[in-house]
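Open the model in your viewer and keep the selection tool at hand. Each stop below tells you what to select and what is there.

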Amino acid sequence: MTKILVNDVLVEEQDAKVAYNDRGYNFGDGIYEYVRLYDNKLFTAKEHFERLLRSAQEIGLDIDYTVESLTELVRKLAEANGVTDGGVYMQITRGAAPRDHAFPTPPVAPVLTAFTKSYERPYEELKNGVSVVTTDDVRWLRCDIKSLNLLGNVLAKEYATKYNAEEAVQHRDGIVTEGASSNVYAIKDGVVHTHPANNLILNGITRRVIQWICDDENITFNEEPFTVEFLKAADEVIISSTSAEVMPVVTIDGEPVNGGQVGPITRQLQEGFERYIASHSH
């Protein structure tokens with residue numbers, strides 16, 4: 001039977017219940033992370049849980065966890081479910097309280113839940129690339145917080161799905177921000193361009209790994225805003241996330257990128273990512 005983590009306790013799936021007045025359900029008042037497993041090892045868990053603790057601080061959520069304790073909980077959950085390749089989703093809400101917009105006074109106990117998912121790496125897509133579409137970014141202005149408020153992302157992803165695309169690349173007034181569930185990069189003349197890690201995007205952990213690889217390979221990593229037009233005129237385009245890794249984009253709004261072929265810088269970054277899987281999985 002599948003095990004679910006609820007407030008540090010492993011329970012059977014059918015027993016994994018949360019209260020009707022949990023603030024995560026009523027307000028999206030909570031945060032989450034998704035950590036990858038490669039060959040029974042957690043990849044960049046430290047960076048993921050450091051970000052989780054930052055998200056908690058940014059929304060004034062007092063949680064009694066450390067990077068180490070969260071890592072141990074995730075290991076225990078993955079082991080209980082026999083997951084060796086896949087991921088673990090964890091979320092923490094502000095807890096159950098009578099429905100009122102303001103924080104509960106006095107505070108109530110936060111609620112942590114987590115579950116696992118087994119899946120293989122997207123080898124075919126990594127080799128051949130994917131299609132994306134562009135759409136307006138209608139989300140709130142604190143996208144740097146990995147919160148449960150994902151309706152804007154959901155609508156963007158559904159838009160992409162309707163056009164048989166893997167991802168929706170979002171933009172504000174023509175300036176590319178990020179994908180519905182990924183970061184976005186335009187590669188031009190050997191330089192990797194991506195939106196700066198401010199309040200308009202989530203500073204993805206895979207984004208940071210790509211930056212590390214660029215440092216290793218002496219590839220310029222340029223964190224400056226760019227337009228949709230610049231993206232469509234790029235030599236290569238990639239998206240990245242915990243599950244998508246370093247994913248080539250070969251079509252944008254039905255138009256080919258680099259003649260529909262995966263480019264050399266993308267392959268170089270993919271090779272670097274493989275090295276980081278080996279060195280940062282524990």
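Select R36, R121, E245 and E274: a network of salt bridges links them. A salt bridge here is a side-chain nitrogen of Lys or Arg within 4 Å of a carboxyl oxygen of Asp or Glu. By this rule the count comes to 19 salt bridges. This is a predicted model, in which local features need pLDDT of at least 70, side-chain atom pairs count only at pLDDT 80 or more, and totals for chains, interfaces and linings use all residues. Residues are numbered from 1 along each chain as its sequence is written, and side-chain values use heavy atoms, with hydrogens and water left out.

**Stop: Y119**

The side chains of Y119 and R36 make a polar contact at 3.3 Å. A polar contact is a pair of N or O atoms within 3.5 Å; within protein, one must be able to donate a hydrogen and the other to accept it, and residues adjacent in sequence count only if both atoms are side-chain atoms.

Where is Y119? Look in the loop between strand 6 and helix 4 (123-128). Helices (H or I, at least four residues) and strands (E, at least two) are DSSP runs, numbered from the N terminus. Is Y119 buried or exposed? Y119 counts as buried because its relative accessibility is 17%. The cut-offs are under 20% relative accessible area for buried, over 50% for exposed, and in between for partly exposed (1.4 Å probe, protein chains only).

Next, show what surrounds Y119. Leaving aside neighbours within four places in sequence, its contacts (heavy atoms within 4.5 Å) are Y34, R36, D85, G86, G87 and S243.

**Stop: the nonpolar core**

Select I31, F49, M90 and I92. Of the 26 residues in the largest nonpolar core, these four touch the most other members. Such a core is a set of buried Ala, Val, Leu, Ile, Met, Phe, Trp, Tyr and Cys residues joined through side-chain atoms within 4.5 Å. Which elements give two or more residues to this core? They are strand 3 (30-38), helix 2 (45-58), helix 3 (67-80), strand 5 (86-93) and strand 6 (111-118). Helix 3 gives the most, with six residues.

Zoom in on I92. Not counting residues up to four places away in sequence, I92 touches G30, I31, L52, L61, I63, Y65, P110, V111 and L112.

**Stop: D144 and its partners**

Select D144 and R54. They form a salt bridge, and their closest N and O atoms are 2.9 Å apart. The pair links distant parts of the chain: R54 is in helix 2, D144 is in the loop between strand 7 and helix 5, and they are 90 residues apart. D144 is buried, with a relative accessible area of 10%. R54 counts as partly exposed, at 34% relative accessibility.

R142 counts as partly exposed, at 28% relative accessibility.

Select R139, in the loop between strand 7 (130-136) and helix 5 (151-162). R139 is buried, at 10% relative accessible area. Its side chain reaches the backbone oxygen of L200 at 3.5 Å. Beyond neighbours within four places in sequence, the contacts of R139 include R172, Q170 and E178.

R172 is in strand 8 (residues 167-172) and D137 is in the loop between strand 7 and helix 5, 35 residues apart. Both R172 and D137 are buried.

**Last stop: backbone details**

Select T105 and P106. A cis peptide bond joins them, with omega about 0 degrees. P106 is in the loop between strand 5 and strand 6.

Then pick N40, in the loop between strand 3 and strand 4 (41-43). N40 is not a glycine, yet its phi is positive, about 70 degrees. Finish at T44, in the loop between strand 4 and helix 2. Its phi is also positive, near 50 degrees, in a residue other than glycine. T44 counts as buried because its relative accessibility is 3%.
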